[in-house]
Amino acid sequence: MSVIIKSPHEIELMRKAGRVVAAVLQTMAAAVRPGLKTRELDEICVKELRKYNAIPSFKGYRGFPANLCVSVNDEIVHGIPGNRVLQEGDIVSLDVGAIVNGLHGDAAITIGVGEISPEAQKLLEVTKGALMAGIAVAYPGNRLGDISAEIQAYVESRGFSVVREYTGHGIGYSMHEDPLIPNFGRRGHGILLAKGMTFALEPMANIGGWQTKVSSDNWTVLTADGSLSAHFEHDIAITDKGALILSEMD
Ligand code: MG
């Protein structure tokens with residue numbers, strides 16, 4: 001395993017890619033409503049990416065057929081946009097990757113379609129909270145396992161489970177660089193965090209068990225027990241002052 005340390009200039013370029021991803025997510029989120037087909041989100045996604053002269057990084061990745069991953073309800077990640085119609089009460093995860101000047105941005109949000117149940121609302125809040133809790137312990141001198149353990153503890157202490165078979169990852173010149181960043185782990189274990197490391201943290205949390213299955217389309221990952229799942233992702237850079245979030249608007 002080799003973790004690629006980024007210079008301040010490279011981090012500034014990644015911040016640009018991250019801003020694009022954040023802007024595209026915001027535009028798609030504003031379009032989500034009951035009656036919308038998920039492929040209409042893909043159309044918005046590619047149009048917005050073009051506006052920023054960004055290259056969609058998911059399209060063609062290991063044969064993935066779209067620019068965007070859309071995962072609804074019990075779908076965890078890697079859902080393919082298509083003719084599915086969003087319904088009032090659904091929760092939908094939008095995951096976008098963009099390449100700007102050769103550097104990658106990759107981020108995800110989960111939002112409700114119209115009015116959602118209190119339990120679904122709690123799942124969204126807990127999953128986002130877990131991401132922010134992981135980010136809060138991502139600073140030099142801590143270890144990778146401190147991030148993983150923080151995310152796991154945040155989710156499990158609130159009664160939900162964290163997905164184990166899919167993880168966060170390093171990011172930069174490739175969408176997936178070393179290291180893998182599980183959303184469960186042990187404090188004090190794993191590599192030492194150092195200035196210039198750039199990660200995509202992405203907790204996936206389920207109301208039921210953590211086990212997953214892959215649909216017959218060979219992409220969409222679902223909860224094995226059919227329970228709801230949420231997913232939030234940010235890119236961060238480790239700095240002397242802690243984590244700098246790359247994938248947010250100014
Ligand atoms: Mg990712």
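Predicted model: local features only at pLDDT ≥ 70, side-chain atom pairs only at ≥ 80, totals over all residues.

User: OK, metal first. Which residues coordinate the magnesium ion?
Analyst: The magnesium ion is held by Asp106 (OD), His169 (NE2), Glu202 (OE) and Glu233 (OE), at 2.1 to 2.4 Å. Along the chain, the spacing of these donors reads D-x62-H-x32-E-x30-E.

User: Where do Asp106 and Glu202 sit?
Analyst: Asp106 is in strand 5, while Glu202 is in the loop between strand 9 (198-201) and strand 10 (204-206), so this pair ties together parts that are 96 residues apart in sequence.

User: Is Asp106 buried or exposed? And Glu202, buried or exposed?
Analyst: Asp106 has a relative accessible area of 2%, so it counts as buried, the cut-off being under 20%. Glu202 is also buried, at 8%.

User: Switching to pockets. What's the volume of the largest pocket?
Analyst: About 570 Å³. The lining of the largest pocket has 26 residues, and those nearest its centre are Tyr61, Arg62, His78, Tyr166 and His176.

User: Which element gives the largest share of that lining?
Analyst: Strand 8 (residues 177-181), with 3 residues. By class, the lining of the largest pocket splits into 12 nonpolar, 6 polar and 8 charged residues.

User: And the second largest pocket, what's its volume?
Analyst: That one comes to about 290 Å³. It is lined by 18 residues, with Leu25, Ile109, Lys128, His234 and Ser247 closest to its centre.

User: Which elements supply at least two residues each there?
Analyst: Helix 1 (8-31), strand 5 (103-112) and helix 3 (118-136). Strand 5 has the largest share of the lining of the second largest pocket, with 5 residues. By class, this lining has 11 nonpolar, 4 polar and 3 charged residues.

User: Back to strand 8. How does it pair with strand 7?
Analyst: Strand 7 (residues 168-170) and strand 8 run antiparallel, over 3 bridges. They make a hairpin with 6 residues between them. In this pairing, Gly168 stands opposite Ile181.

User: Where's the cis peptide bond?
Analyst: From Asp178 to Pro179, with omega near 0 degrees. Pro179 is in strand 8. Most peptide bonds are trans.

User: Which residues other than glycine have a positive phi?
Analyst: Arg62 is one of them, at about 50 degrees, and Asn218 is another, with phi near 70 degrees. Arg62 lies in the loop between strand 1 (55-56) and strand 2 (68-72), and at 71% relative accessibility it is exposed. Asn218 is in the loop between strand 11 and strand 12, and is exposed too, at 64%.

User: What about strand 11 and strand 12, how do they pair?
Analyst: Antiparallel, over 3 bridges, with strand 12 covering residues 221-223. Lys213 stands opposite Leu222 there.

User: What's the strand order in the open sheet?
Analyst: The order is 3-12-11, with 3 strands and antiparallel pairing. Strand 3 (75-77) and strand 11 (212-214) are at the edges with a single partner strand each, so one side of each has no neighbour in the sheet. On average, neighbouring strands of this sheet are turned by 40 degrees against each other, direction ignored.

Note on methods
Residues numbered from 1 in each chain as written. Heavy atoms only, no water. 1 Å grid on protein atoms, 1.4 Å probe; cavity = no way out; pocket = protein on both sides within 12 Å on 5 of 7 lines; lining within 4 Å. Points joined across faces, edges and corners; volume = space filled by probe spheres on them. Helix = DSSP H or I, 4+ residues; strand = E, 2+ residues; numbered from the N terminus. Nonpolar A, V, L, I, M, F, W, Y, C, P; charged D, E, K, R; others polar. Pairing = 2+ DSSP bridges. Donors = N, O, S within 2.8 Å, 3.2 Å for Na, K, Ca; no water. Buried < 20%, exposed > 50% of the residue type's maximum accessible area, 1.4 Å probe, protein only. Axes fitted to C-alpha atoms, helices over the stretch in contact; angles between N-to-C directions.
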